Amino acid sequence: MSRIAYVNGRYLPHDQAHVHVEDRGYQFSDGVYEVSAVCGGRVIDEEPHLDRLERSLGELRMNLPLPRTALRLVTREVLRRNRVRDGIVYLQVTRGAAARDHPFPEAAEGAVVLTARPVRWPERAADDDGAAVVSMPDGRWGRCDVKSVSLLPNVLAKQAAREKDAYEAWFVDPEGRVTEGSSTNAWIVDDAGRAVTRDLQSNILGGITRRRVIRLAREAGIEVEERPFTLDEAQAAPEAFLTSTTSFVRAIVRIDGRPVGDDKPGPVTLRLRDLYLSYCRGGLSNR
Ligand code: PMP
């Protein structure tokens with residue numbers, strides 16, 4: 001079965017799914033995106049993803065390209081046409097095609113692309129003995145809260161991590177504090193069993209999974225602190241983990257080659273992972 005993409009109002013086979021060579025996303029990274037997980041046919045946290053999309057677009061002084069109802073319908077149709085019940089849906093909006101010039105063009109229509117592909121999440125997430133991360137200086141721009149398609153530092157960091165046999169790269173600010181991963185939010189568990197993740201400022205992305213895990217943790221009586229933590233604190237912590245739409249809750253068992261805790265996923269991480277998995281499987285309420 002060939003994959004189908006939605007491109008500016010049309011459903012097209014992938015080999016015909018093109019955008020213009022002067023699309024501003026291609027030339028200037030002038031665009032934003034969302035990646036949502038689909039579990040058992042349900043789009044996880046669809047509304048928070050649409051809220052974040054709208055906010056990112058607002059920072060670029062753009063509007064949603066289609067009303068939310070239409071975006072939801074197109075999402076369903078892309079999932080249906082690609083027969084995805086478990087997987088991801090990718091949505092990208094750019095300022096569209098215009099003669100190349102830096103200022104916003106007067107009359108460009110936003111370009112919208114949606115794609116979907118299957119991923120076998122539950123097995124993957126539930127059956128995991130933890131990941132390694134490596135740290136590197138955070139050399140990104142100052143607006144990491146905008147989910148922009150400008151991902152070059154993230155791509156280079158992830159590649160550097162993979163070349164060191166690590167799953168993720170953790171960015172560290174000039175004060176030695178972890179900001180986030182190249183495509184995930186960073187967490188530790190402190191000695192008192194509290195889950196700690198960096199507070200939301202313009203230097204990290206407000207992850208939808210981060211937000212959901214904070215809620216699930218608090219509902220389950222696990223304390224959460226939103227504050228910066230240093231790389232040293234993370235290396236000495238009993239547990240560390242990461243969160244994202246495509247990684248769910250994943251234990252970190254090594255930071256820069258040094259074991260975290262006893263080198264295997266810890267109890268708070270596993271509890272949060274299971275809470276998040278049940279939430280995705282529809283076992284916990286969607287608030
Ligand atoms: N930080 C960055 C830099 C990311 O790219 C992502 C993934 N989009 C995240 C955090 C996690 O966000 P989410 O939980 O919404 O996938």
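At what angle do helix 6 and helix 8 pack, and how far apart are their axes?

## Helix 6 against helix 8

Helix 6 (residues 208-219) and helix 8 (residues 267-280) pack at about 105°, and their axes are 10 Å apart. Axes here are lines fitted to C-alpha atoms over the stretch in contact, with angles running from 0 to 180 degrees between N-to-C directions. The two helices are therefore roughly perpendicular (65 to 115 degrees; under 35 is roughly parallel, over 145 roughly antiparallel, and the rest oblique). Helices and strands are DSSP runs numbered from the N terminus (helices H or I, at least four residues; strands E, at least two).

On the helix 6 side, the contact (heavy atoms within 4.5 Å) uses Thr209, Arg212, Val213, Leu216 and Ala217, and helix 8 brings Leu272, Leu275, Tyr276 and Tyr279. That makes seven nonpolar residues, one polar and one charged. In this scheme Ala, Val, Leu, Ile, Met, Phe, Trp, Tyr, Cys and Pro are nonpolar, Asp, Glu, Lys and Arg are charged, and the others, Gly among them, are polar.

## About the model

This is a predicted model, where local features need pLDDT of at least 70 and side-chain atom pairs pLDDT 80 or more, while totals for chains, interfaces and linings use all residues. Residues are numbered from 1 along each chain as its sequence is written, and side-chain values use heavy atoms, leaving out hydrogens and water.

## A closer look at helix 8

Helix 8 has 14 residues and reaches 20 Å from its first C-alpha to its last, close to the 20 Å expected at 1.5 Å a residue (1.5 Å times one less than the number of residues). Its buried residues (under 20% relative accessible area; exposed is over 50%, partly exposed in between, with a 1.4 Å probe and protein chains only) include Val268, Thr269, Leu272 and Tyr276. After the helix comes glycine 282, with a positive phi near 90°.

Glutamate 239, in strand 13 (residues 239-244), touches Pro267, Val268 and Thr269, among others. At 6% relative accessibility, this glutamate counts as buried. Valine 189 is 50 residues away from glutamate 239 in sequence, but their C-alpha atoms are 5.0 Å apart.

In helix 2, the buried residues include Pro48, Leu50, Leu53 and Leu57. Among the elements covering them are strand 3 (31-39), helix 3 (68-81) and helix 6. Arginine 61 follows helix 2 and has a positive phi, near 55°.

The chain splits into domain 1 (4-118) and domain 2 (125-280), with bounds from an automatic or database domain assignment. Their centres, taken over C-alpha atoms, are 26 Å apart. Domain 1 puts 22 residues into the contact and domain 2 puts in 20 residues.

Technical notes
Lists of a residue's contacts leave out its neighbours within four places in sequence.
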